[in-house]
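Please open the model in your viewer and keep the sequence panel at hand. The tour goes through the cavities and then turns to a loop.

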Amino acid sequence: MTTNIVIPERLAAALRYASFDGENECGAWALLSKSQISCDPWSRKPREKLILRHLRPLGPHDIDSASPVHLTVRTAAFMHVLKEAAQQDLMPGFLHGHPSGYDGFSDTDDQNERALLQAAKNRVGSTAHLVSLLCLPDGPIRARLWRGHNEVVSCPVTVSGKAVERFDHTPKSIDKTLDRQSRVFGETFNQVLRSLRVLVVGAGGTGSPLTIMLARAGVKHLVTIDPDTIEDTNLHRLHGVGAPAIGAAKSLALAGHIRSLGLGTHIVGVHGNIIDPQHRDLLKSADIVFCATDDHAGRMLLNRFAYFYDTPVIDLGLAISKDGPRRVRDMTGRVSLLYPGAPCLLCRNIVDPRRAREEELKRRDPENYGRQVQEGYIIGGGDPEPAFIAMTTSVACMALEEFTQMLSGYRGDSGNVRQRLRRFQIPEDRISGGNPNPDCPLCAQSDDWGVGDTTPFLDRVA
Ligand SMILES: [Zn+2]
Ligand SMILES: [Zn+2]
């Protein structure tokens, strides 16, 4: 089983600080939460993610001996970490830095970590594992998982938040077809796109151009999910499909189109609703999620997911209101970035819990929903929302631009925004951040950030 390590970007500075302090090697104890994936959508195999949750920097009593080229810790000092891990169902780990820049685990590291693994097995039993993280002065983070004394595997590392970085040892082959793109953002950008797992929720007016652009830009692992089928009234704004596809599932038709491009994209199309429990592995397998759905129930789920699993969600929206048959009062495209540290969609007043509940009712109990509409408890139905391809496609481009900034930092360190609004009728672009509502249990308090698997999922009572 493969294991991926997620380092929340908000902990990256603390991680570096603990790894480098003076000329001798130093480090920290680490505690990681778990995200078990029973079936990865691409490999169809189980996989797990471990999310860094706490760092406990080493004190003098934790260190047996240290020099610029070695560090040995006291196994006895590890006991309180194992206790904390057991209490919170976390995975214990050990982090250290190599100020020398040596890019690899040394023999001392092996001995040290074997002793820690033995301590864990003595306490917890033979199933105990140990995560080892290694920080290098020029940026890369290496990780490996000890399962047994002679069973150790290296793990890809994703730094995840308002910026995304990826460190792994997979062979880097240069894709010459992406040459022009690497001339803008550098070859690393292409490599990161190649290694990331991306989920796009929604294959409609914004989701279809976005998914096609992600594939063209070099994302190799994509999932598209949508519960709808193609209607003749969709063709004016869908990308990649035509009249022969009317009646087909939007996601499957889109996936088929992307395969036909011959770009080597491993795309999985899922005809379904992301809210259904059988699709949780799609969420948990993703390194980044785009939310291109216009329903509130799906947004509510993705909103919580971003915080619980430390996985960035990029939410897309287009709202059009009219003053008359031809006059537009407001036409606003929106891209909002969700990650621990940024306000959630509830605090930004973007998602409406009442409408989410109504949508849930419509999906689960259409009869009861119909009755409530008739009795006037729910303002259901209504006219379809207005839409035009220029604006839906533009919002997809805005989302891809923000994703590009997260990966490449092309606008500089201060170039990450939490929300972009494009007001088409002015025309004008605006940046807005907003603040968490101080009472919000999701985004104003960090208790649930990166907590990983919980029962029930996302601590939601369905
Ligand atoms: Zn070392
Ligand atoms: Zn909030």
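A cavity here is a set of grid points where a 1.4 Å probe fits but cannot get out, and its lining residues have an atom within 4 Å of a point. Bear in mind that this is a predicted model. The structure holds two cavities of 30 Å³ or more.

**Stop 1: the largest cavity.** Select Ser173, Asp175, Leu178, Glu187, Asn190, Gln191, Arg194, Gly218 and Lys220, which line the largest cavity. Its volume is about 50 Å³. Coloured by residue class, this lining shows one nonpolar, four polar and four charged residues.

**Stop 2: the second largest cavity.** Next, select Val6, Lys49, Thr158, Ser160, Ala286, Asp287, Tyr309, Asp310, Thr311 and Pro312, the lining of the second largest cavity. The volume here is about 30 Å³. Four of the lining residues are nonpolar, three polar and three charged. Colour by domain as well: domain 1 (2–160) and domain 2 (176–454) each supply at least three residues to this lining.

**Stop 3: Gly205.** Move to the loop between strand E12 (197–201) and helix H6 (207–217), where Gly205 lies. Is Gly205 buried or exposed? Gly205 counts as buried because its relative accessibility is 10%, and buried means under 20%. Show its contacts beyond four places in sequence: Gly205 touches Arg237, Leu238, Thr392 and Thr393. Finally, draw a C-alpha to C-alpha distance from Gly205 to Thr293; the two are 9.4 Å apart in space and 88 residues apart in sequence.

Definitions and conventions. Residues are numbered from 1 along each chain as its sequence is written. Chains are lettered from A and ligands numbered from 1 in the order in which they are written. This is a predicted model: local features need pLDDT of at least 70, side-chain atom pairs count only at pLDDT 80 or more; totals for chains, interfaces and linings use all residues. Side-chain values use heavy atoms; hydrogens and water are left out. On a 1 Å grid over the protein atoms alone, a cavity is a set of points where a 1.4 Å probe fits but cannot get out, and a pocket is an open set with protein on both sides within 12 Å along at least five of seven lines; lining residues have an atom within 4 Å of a point. Grid points are joined across faces, edges and corners, and a volume is the space filled by probe spheres set on the points. Ala, Val, Leu, Ile, Met, Phe, Trp, Tyr, Cys and Pro count as nonpolar, Asp, Glu, Lys and Arg as charged, and the others, Gly among them, as polar. Domain bounds come from an automatic or database domain assignment. Helices (H or I, at least four residues) and strands (E, at least two) are DSSP runs, numbered from the N terminus. Buried means under 20% relative accessible area, exposed over 50%, partly exposed in between (1.4 Å probe, protein chains only). Contact means heavy atoms within 4.5 Å.
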